[in-house]
Amino acid sequence: MIKRIILFSGLFLLVSKLYSQSAPKYSNDFLDIGVGANALAMGNSVIASVNDVTAGYWNPAGLMGIKSNLEVSLMHDEYFAGIAQDDYLAVSYRYDTNSILGLTIIRFGIDDIPYTIDLIDPTGNVNYNNITSFSDAQYAFLFSYARSFNNIPGLTLGGNVKVIRSIIGDFASSWGFGLDAGAQYKYKDWLFGAVGRDITSTFNAWSYNLSQDLINVFQETGNEIPEDGLEITLPRLLLGAARNFKCFHDKVSIMPELDADVTFDGKRNTLISTNPVSIDPHMGIQTSYKSIIFLRLGVGNIQTSSDPTGAAATYFSPDFGVGLKIKSFSLDYALTDNTTAGLYSNIFSIKFDINKKTGK
């Protein structure tokens with residue numbers, strides 16, 4: 001097992017190094033927003049503790065924490081005054097005692113974008129009837145598998161096969177494929193987690209279908225005409241550690257978690273920024289009463305910059321949320337700046353169990 005982990009780590013770093021010189025730092029950014037109001041309220045700090053259907057996104061190994069045969073989660077959110085729509089659906093299915101399957105679907109899109117290339121007709125007159133519209137949408141399909149091991153108590157492993165689809169009107173589209181791998185380990189009241197996201201890099205193959213009129217616009221405005229090509233999303237490593245404290249006769253649970261996102265593509269605007277490794281720490285805490293009522297706080301987007309006087313300053317984004325679980329139904333709320341754009345959003349998500357087991 002140790003030899004396999006060392007080999008995997010070496011391959012992970014090698015892939016990052018091979019592509020770091022040519023790949024962009026930011027691609028498939030819509031997958032960085034996050035899912036589930038419970039996780040967003042904790043500053044995305046759930047790599048070690050996630051144990052529900054949202055684990056298909058955060059850490060596929062966490063799917064083994066699900067106690068029901070079937071679990072479903074839904075979330076809808078809007079950004080920039082409703083211009084952008086973010087939709088999420090996830091389903092998990094217990095295959096047997098030691099394994100669970102999951103499917104996660106995410107769509108982030110901007111619809112009804114005006115297309116004004118024909119606004120002025122051939123006679124030079126403005127004709128508003130010639131305005132059409134198109135959508136810019138990105139889809140992610142995550143097929144997850146998680147497994148526990150009878151001979152290694154506390155350890156669960158999981159992985160994702162990831163398919164990415166992007167569509168920009170009739171002008172451009174792409175298909176992308178990648179892999180994620182995750183692990184969780186529970187030791188007494190301690191929880192540890194690790195995820196290798198895009199471990200082989202995720203490759204998006206773009207193709208363009210540009211009309212001659214559109215090509216002429218690119219040339220007249222001095223813009224480069226896009227060509228078919230490959231976009232690469234580099235690997236990153238997500239680490240987390242949490243501890244569960246019980247008090248008041250086990251009626252109250254307090255669980256803090258500290259996570260770190262590690263990238264290998266050079267300096268980023270993160271708290272720890274070196275070449276080639278950058279580390280973005282974030283943390284959260286969840287308090288619950290009888291596992292019915294939940295209060296969550298989080299801190300993320302920690303960055304150092306200059307204040308208006310030019311002095312060094314540290315900035316961060318606080319997050320807040322509450323949750324309610326009644327039998328097999330959960331409702332969660334988060335007030336969060338999960339787009340790092342300085343704009344807070346009110347996010348709700350729901351989750352419910354079907355065929356809930358009572359023996360485990």
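How many nonpolar, polar and charged residues are there, by class, in the lining of the largest cavity? Before I answer, please keep in mind that this is a predicted model, in which local features need pLDDT of at least 70 and side-chain atom pairs count only at pLDDT 80 or more, while totals for chains, interfaces and linings use all residues. Residues are numbered from 1 along each chain as its sequence is written, and side-chain values use heavy atoms, with hydrogens and water left out.

In general, rolling a probe the size of a water molecule over the atoms shows where empty space is left. On a 1 Å grid over the protein atoms alone, a cavity is a set of points where a 1.4 Å probe fits but cannot get out, whereas a pocket is an open set with protein on both sides within 12 Å along at least five of seven lines, and lining residues have an atom within 4 Å of a point. Grid points are joined across faces, edges and corners, and a volume is the space filled by probe spheres set on the points.

The structure holds one cavity of 30 Å³ or more, and the largest cavity has about 250 Å³ of space. Its lining is made of 22 residues, with Ser 27, Asp 32, Asp 198, Thr 233 and Arg 236 nearest the centre. To answer my opening question, that lining has seven nonpolar, five polar and 10 charged residues, where Ala, Val, Leu, Ile, Met, Phe, Trp, Tyr, Cys and Pro count as nonpolar, Asp, Glu, Lys and Arg as charged, and the others, Gly among them, as polar.

Turning to the largest pocket, its volume is about 1400 Å³, and of its 46 lining residues, Ser 49, Val 50, Asn 51, Gly 65 and Lys 67 are the closest to its centre. By class, the pocket lining has 14 nonpolar, 18 polar and 14 charged residues.
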